[in-house]
Amino acid sequence: MSVYFLNFVLFSIGLYCVLRKRNLIKIIIGLIICEYAVNLFLILVGYKMNGRSPIYAPQQEIVNMVDPLPQVLVLTSIVISLATTALVIAVAIRIYEKYHTFDITKIRRLKG
Amino acid sequence: MRWELNLLCVFIVLPLAGAFLNSLVARRFRKFSTLWSNLIIFILFLLSLVTLKFVNQYSVLVYKVGGWSPPFGITLVLDGLSAFMLLAINLISFTITLFSINYMEKFTAKGKFYTLFLLMVAGMNGVVLTGDIFNLFVFLEIASIASYALVAFGTEKDELEAAFKYIVMSTVASMFVLLGIGLLYSYASTLNMADLSSYLAQTEPALVVKFAAVLFLFGFGLKAAIVPFHAWLPDAHPSAPAPISAALSGLVIKALGVYVIVRMFFNVFGVTSEILGVFSVLGIVSMMVGVLLALGQWDFKRLLAYHSISQVGYIMLGLGLGTPLGILGGLFHLFNHSVFKPLLFLNSGSIEYITGTRKLNEMGGLREKLPVTANTSFIASMSIAGIPPFNGFWSKLIIIIACVEAGRIGYGFWAVLGSILTLASFMKVQKYAFFGKLNEKYTQIKEAPFLMQVSMLFLALICVFGGILILPGVREYFITPAVDVVVRGIAYKDVVIGAIK
């Protein structure tokens, strides 16, 4: 149970980082931490203590196998977060070229 | 039955393949890439008309991806609600691509624009067709990532700032959705929506399911820009190029937000009176906050973006009433909004294309110079404000009657008040942009190119005759199947499981 709790703490750290930090790069790192925490949660859902890898072979008894599905989900979700991260970093670099700062309190043209 | 099932995956495969080919050849053959993208979207529009006939004939079609039977494999499910959304998405996308043939000329990377647009259409078609929650998440992300890139398309200061804000908020929402999916999987050990729904119906409602429901409401509510989660929309939608603002406001917030909320809450979790109450209250708050913030705007596109928040509020209010009439009103308003809001954004794009400004107080008297833009924008303004012959009137009338019928007079009052404020705000648009004295700067301007006029006139025509869709005899083909799916609620699982066997 404590593993799940620590995982939740990791997610909260990422969320805190997104909400409170003023530097664009730190916000992006917060997003990445959030994504790690969710991926770790999916792995934990399918994990079994002393389980074996889910490979099926003939004449074999299926005992104590870890759930393979969450691992597949995590692979997909890592690819998706790769795309998002690459895009958001590209946008951050472009913002730096235009504004010459990473500080979000100075990047405030849109309001009202 | 075989070829009809294969048709379902065409909705996802064709735009994906088109986007891939486009990215390869766009730089070399610019004309070809434009023609190719328009052709694909036009084919999808025709096919989405065909799906309406399937829904009438079979009521539900289930395609097993790769031949794996559910609950193990992924399914694509076409029912009334999916067909309804498919037609809305592909019809509006078609007019938008037609409009962008000329409009996108002023940007350098027109081929990239079409690639991203096709990806976004593929994502939205996937979201409305899929019958598997993780698959839904994947398509949601395809559409979202394409829309992030499209918001930043201008790569100027405003666009980048808006895109960064949008990406951060939307990614956090996606993480909440994924967490919700993980929790549901750990509880029910299935990802198929019908299977999940039948598991949830057999067991006592557990706390973890409620937690997942709250995470979904947050995640998809942010994608739909319902009020506490709306902060990204007024920045992101106006910053995109006009055709993309039209697609984002008209389609993306509905396909990724409202549709998924309806599908998950009505068909999978099953609604209770508390959930419906939350929907109605969120709807009313969005409706009022959106319209009040819109009143003070002087940037044409920003004003329209605030109205999107307000109109999504109407849809949520109609759905939140939970009565068949309220759901009919909500879904009909969803369709109507996805017609007149793109039209208004295309009008703003046409004005920006010709005069180069978005500020209402720099326009004035454009009516004599731009007759097509002015008249179509007048029709769209009257539609969104709910003036009788146009489509917006009928859907708002149905929502208000449903409020009274359900005994919620207070809700009806807010809906009427919101409609009056919308009218006031669009009177301002008409007065400052199209009536009054012509600004001297603009004595030499000419009306927009022919294809832009055609797409605006086409949408205006739907606005004028949209009311026909709810007449008995016509509504059985389009709206009634969609309303039935929502009204039947968690009987969705029996219908889908029955169609598999």
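Chain A has 3 helices and 0 strands. Helices here are DSSP runs of H or I, at least four residues long, strands are runs of E of at least two, and both are numbered from the N terminus. From the N terminus, the order is α-α-α.

A word on the source. This is a predicted model, where local features need pLDDT of at least 70, side-chain atom pairs count only at pLDDT 80 or more, and totals for chains, interfaces and linings use all residues. Residues are numbered from 1 along each chain as its sequence is written, chains are lettered from A and ligands numbered from 1 in the order in which they are written, and side-chain values use heavy atoms, with hydrogens and water left out.

How much of chain A is buried? The value is 36% of its 112 residues. Buried means under 20% relative accessible area, exposed means over 50%, and partly exposed lies in between, using a 1.4 Å probe and protein chains only.

Next, contacts, meaning heavy atoms within 4.5 Å. Take the contacts in chain A with a separation of 6 or more: residues 24 or more positions apart account for 49% of them.

On to the partner. The contact takes 37 residues from chain A and 34 residues from chain B. Together the two chains bury about 3,300 Å², 80% of it on carbon and sulfur atoms. Buried area is the accessible area, with a 1.4 Å probe, that two parts lose on being put together, summed over both. Which residues of chain A lose the most area to chain B? They are A:I80, A:K98 and A:L110, together 18% of what that side buries.

Last, two backbone details. A:N50 is not a glycine, yet its phi is positive, about 55 degrees. A:N50 sits in the loop between α2 (24–46) and α3 (68–99) of chain A. Is A:N50 buried or exposed? Exposed, with a relative accessible area of 67%.

B:A225 also has a positive phi, near 60 degrees, and is a residue other than glycine. Its place is the loop between α8 (207–224) and α9 (233–239) of chain B. B:A225 is buried, with a relative accessible area of 0%.
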